[in-house]
Amino acid sequence: MRRPSGVREPAEPNSAKQQERYARMLRAAGRLGAQHGLERMQMHDVARDAGVAIATLYRYFPSKTHLFAALMHDRVRRLDAESPSPPPDLSPVEAVVQLLVKAGGQLFEQPRLALAMMQSNNAASVGDAPGVRQTDEIVRDLVLRTASVTDPTDRELRAVRILELAWYGLLTTVLYERSSAADAQEGVRLACSLLLGPVIGDRRT
């Protein structure tokens, strides 16, 4: 998809000072996004809360979509870093169930922010913002690592991708208040059983 005219590539933070400023902007977006959601949050409020000029904010995040997609990438990266290896007596399928249920529960704690991040990630995934493909890759690799799969087959990769999409769909129904968190948890368990069970089973590598 061609980038809309007038929307430039976001800058990347390189120096320690730029990275600290970048992190402040993400934290401000998290606070304000949790309060107002995607549509009602204003970029100038983010800049003020982060203590940066509005031009600096737009340099790194040309739109709210870029900002919330980057925030989701940051949250997923942290989830990956903070997720320990599952205990050896836990089946791969159950380990993935527990991972996705825990991650979903964290998102449900701030539903407006979660919906803003997911909407932006979906919009950016068609090519409007950089970094989103690697966000999905982090989720994929985390699921595979949790399932103790170190050398996935094409079939396993496809199964995990379908599981990702099912998980996103279940999260969205809760965030739009069309189902309960408990229903989503059962849906995650069923999806893992149907999609991963026949493919991964009790594989341990």
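**Terms set against values**

Mentor: Let us begin with Ser83, whose side chain reaches the backbone oxygen of Leu79 at 2.6 Å. This is a predicted model, in which local features need pLDDT of at least 70 and side-chain atom pairs count only at pLDDT 80 or more, while totals for chains, interfaces and linings use all residues. Residues are numbered from 1 along each chain as its sequence is written, and side-chain values use heavy atoms, with hydrogens and water left out.

Trainee: Why is Ser83 called buried?
Mentor: Buried means under 20% relative accessible area, exposed over 50%, and partly exposed in between, with a 1.4 Å probe and protein chains only. The relative accessible area of Ser83 is 13%, so Ser83 is buried.

Trainee: Which residues is Ser83 in contact with, leaving aside its neighbours within four places in sequence?
Mentor: They are Leu99, Leu142 and Arg145, where contact means heavy atoms within 4.5 Å. Leu99 is 16 residues from Ser83 in sequence, and their C-alpha atoms are 8.1 Å apart in space.

Trainee: What makes the contact of Asp136 with Tyr168 a polar one?
Mentor: A polar contact is a pair of N or O atoms within 3.5 Å; within protein, one must be able to donate a hydrogen and the other to accept it, and residues adjacent in sequence count only if both atoms are side-chain atoms. The side chains of Asp136 and Tyr168 make such a contact at 3.5 Å.

Trainee: Why has Asp136 no salt bridge?
Mentor: A salt bridge is a side-chain nitrogen of Lys or Arg within 4 Å of a carboxyl oxygen of Asp or Glu. The nearest side chain of opposite charge, Arg161, is 4.2 Å from buried Asp136, so there is no salt bridge. Lys and Arg count as positive and Asp and Glu as negative; His and the chain ends are not counted.

Trainee: What puts the buried residues of H2 on the same side?
Mentor: Those of helix H2 (residues 43–50) are Met43, Val46, Ala47 and Ala50. They cover an arc of only 100° around the axis, which puts them on the same side of H2. The arc is that of the directions from the helix axis to the C-beta atoms, and helices (H or I, at least four residues) are DSSP runs, numbered from the N terminus.

Conventions: Helices (H or I, at least four residues) and strands (E, at least two) are DSSP runs, numbered from the N terminus.
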